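Hello,

Here is the structure I said I would pass on. Please open it and keep it beside you as you read my notes below.

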Amino acid sequence: MPITRYIKTLSPVAVLLLILLLPGRSLAQGDDICFECHNDPEMTGSAGDTIYVDSERYTESIHAQAGLECVSCHLDLEGFEDWPHAERLERVDCSMCHDGVFDMWDSGVHGQPAREKGDLDAAGCADCHGKHYILPVEDLGSRVYPTNQPETCLACHGDPKLAGKHEGMGSSDIARSFIESVHGQALKKSGLTVSATCTSCHGAHKVLKLNEMLPEIPETCGKCHAPIYQDYVHGVHGEAFQSGNLDVPICTDCHGEHNIRSAEDPGSDVSPSHVSQNCAGCHEDISITTKYGLPLGRLDSYNNTYHGIALNLGDVRVANCASCHGYHNIRPSADPESMTHPARLAETCGTCHPNAGENFAEGKIHVQGNPEDNIGAWLVKRVYVIFIAGLIGGFVAYIVVDLLAHRRRRRAEQKNSNDPEES
Amino acid sequence: MARLNYPMQKRLVEHDGRLYYERFSRAQRLQHLGLLSSFTLLILTGVPLLMPDSWIVRQMFWFEGSFTLRGILHRLAAVALLLVSIYHFFFCLFSPRGNRDLREMVPSWKDITDIFGMISYNLGKKKSPPRFGRFNFTEKFEYYAVAWGSVLMLATGACLWFPVKATILFPRWVLDIIRVVHGFEAILAFLAIIIWHMYNVHLNPEVFPMSRIWLNGRMELDFLRHHHPLEFERLMESVSADVAEKIYCQLGDVFVTDTSETQLH
């Protein structure tokens, strides 16, 4: 949790001051002189930029409450008396107190470009936390409070210009899609602070690169979705993933990342109407099916069943891949715990077809019209095709002969009526 | 089966001062209407399942729940067909009219020879067509095709409607065969109606653009004399002399008064 991490890394001196001085602190004596100028909204620097610092908001900030003075951060003004001071002050170094989190930031995606390339676009402390009005993380007004984080991060990551400039930032549209996701909506609409926010997955100060965080994803999601994580690691995909296989799907392969939606949302990739396409992404991929010897034609054979036809025409109540195979806990049918194990098939069918017996599950499911799938169906189909072709052919032949005969007789009649002498 | 008597002369009906042969009674026309509407609805709601990927089928299910509605309509139409079938069954057994028509429907050796007779006539190898009774071989064929098709579709449809109950009797792979049968029998019925029945009652030059018998049940006596001569003769035998004279008068044979000397062309 960011809050505990914050408290841990807070300097012990600040904690002591916080306890001693918390109730009803007013401005520290030394700050008064600063606010003589800086509390004036009209006051500007030589370039016309405001130098305003709202003394009231500053007083509520965690640093003022902890008894820090302006010069505690602006060290170059300590003991300074020849006002006004130079326009350019030295950059405030937060690591003076927050050295732990600074190191984390320094090794993450934001710290690295700043350090290595002097890239000032990368977020520094103030870009996320603010400058003079920093509030405790648990304060609803804090810029890094769970419900406020998306807005703070999207200030950069939702900006197409900035995202286009730095490859590692990814697409601003994808980042923005978080707002509409199930997590984003939980934060924004429902005010659920326990819902995943930016730092829940990416970390706060040490934000990892995509390839670094990829192997961590199932565990990351599992921090909140613990029982599902257990299901996943015991399923065929999770087991393979844990043994180092990177071809198997992890959470984000099926659910998406920023744009995760509830399975009930028709737009979700795991909604009934999309889930079969989702599974087919790998199970119809010839390179994957050959590599692992997976059975072919799963989607086609499903689409040919009543379930597949009904689903493709808009009836979402019918069985989809997940209805029979499960989702997080998918197991091979040879596994006795698998929903598709022969001994459990009747039970699986029975979830939708109450009272389905052993007979109900008797017979191949993913049939592709081959004789070995269902010899009876294959034969019946062939007999019908021949019979229908023969019968319709017979009909058409009979009709053609009938029509020609009608025309012949009509012409003969016309001839008779035109030449009455000849008859 | 008890033979219920249905006198021939009851088949003669008068309308606007003219005499007609009553081909189908009101009860029969209603049965046809019930069959027609349930069949059409069954085809419209069933055939989409046979070509789910086609563009036209995708357009059919444009609103939410339309596929569910399809299922409901298909089952309702099936129940309607079942009711028509049950009604027809009892109609054939217990109404004099239906009973007589059922007996007329019994296939005979003559039907086989008529097929070849008709083809020979159409190919110009015979001078005259076979002489048909009330129902000719094409009509009998259609009737049995519909009867057999309805029984088969109702039975297989019931299995697909109640798969859990059906699999008490047999394993599910049989149900998969039944699904194939239901689909192909539907194609067969659809094509038979579109090609065979539509030709016989619409496009055939004898009735084009449409035979109106299914609406009013009346057949012109001249048409009867030409296309069902055996039935016409039976009719003439059973009617009284003055009715017979009226019939000949209407057919244009006004100068002949002695029926025994009448020559039909």
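B:P209 sits in a loop of chain B, between α8 (172-203) and α9 (213-216). B:F208 and B:P209 are joined by a cis peptide bond, with omega at about 5 degrees. Keep in mind that this is a predicted model.

Next, chain B as a whole. It has 12 helices and three strands. Its C-alpha trace spans about 70 × 40 × 40 Å along the principal axes. The chain has 265 residues, and 42% of them count as buried. Now take the contacts in chain B between residues at least 6 apart in sequence. Of these, 68% join residues at least 24 apart.

Two helices of chain B deserve a look. They are α3 (residues 66-94) and α6 (residues 137-161). How do α3(B) and α6(B) pack? Their axes are 11 Å apart, and the angle between the helices is about 135 degrees. From α3(B), the contact uses B:R75, B:A78, B:V79, B:L81, B:L82, B:S85, B:H88 and B:C92. From α6(B), it uses B:Y143, B:S150, B:L154 and B:W161. What kinds of residue are these? Eight are nonpolar, three are polar and one is charged.

Now some single residues. Start with B:D16. It lies in the loop between β1 (12-15) and β2 (18-22) of chain B. Its phi is positive, at about 50 degrees, although B:D16 is not a glycine. Is B:D16 buried or exposed? Its relative accessibility is 74%, so B:D16 counts as exposed.

Chain A has a residue with a positive phi too. A:N355 is not a glycine, and its phi is near 70 degrees. Find A:N355 in the loop between α25 (345-350) and α26 (375-418) of chain A. A:N355 counts as exposed because its relative accessibility is 73%.

A:H166 is also in chain A. Its loop runs between α11 (160-165) and α12 (172-176). A:H166 has 18% relative accessibility, so it counts as buried. Which residues does A:H166 touch, leaving out those up to four places away in sequence? They are A:D119 and A:D121.

Last, the confidence values. The predictor gives the complex an ipTM of 0.90 and a pTM of 0.82. For chain A, the mean pLDDT is 88, and 92% of the residues reach 70 or more. For chain B, the mean pLDDT is 92, and 95% of the residues reach 70 or more. Here the stretch to watch is residues 256-265 of chain B, where pLDDT stays under 50. The model gives this stretch nine contacts beyond four places in sequence. Where pLDDT is low, the predicted coordinates should not be read in detail.

Best wishes

Technical notes:
Residues numbered from 1 in each chain as written. Chains lettered and ligands numbered in written order. Predicted model: local features only at pLDDT ≥ 70, side-chain atom pairs only at ≥ 80, totals over all residues. Heavy atoms only, no water. Axes fitted to C-alpha atoms, helices over the stretch in contact; angles between N-to-C directions. Helix = DSSP H or I, 4+ residues; strand = E, 2+ residues; numbered from the N terminus. Contact = heavy atoms within 4.5 Å. Nonpolar A, V, L, I, M, F, W, Y, C, P; charged D, E, K, R; others polar. pLDDT = per-residue confidence, 0-100. Buried < 20%, exposed > 50% of the residue type's maximum accessible area, 1.4 Å probe, protein only.
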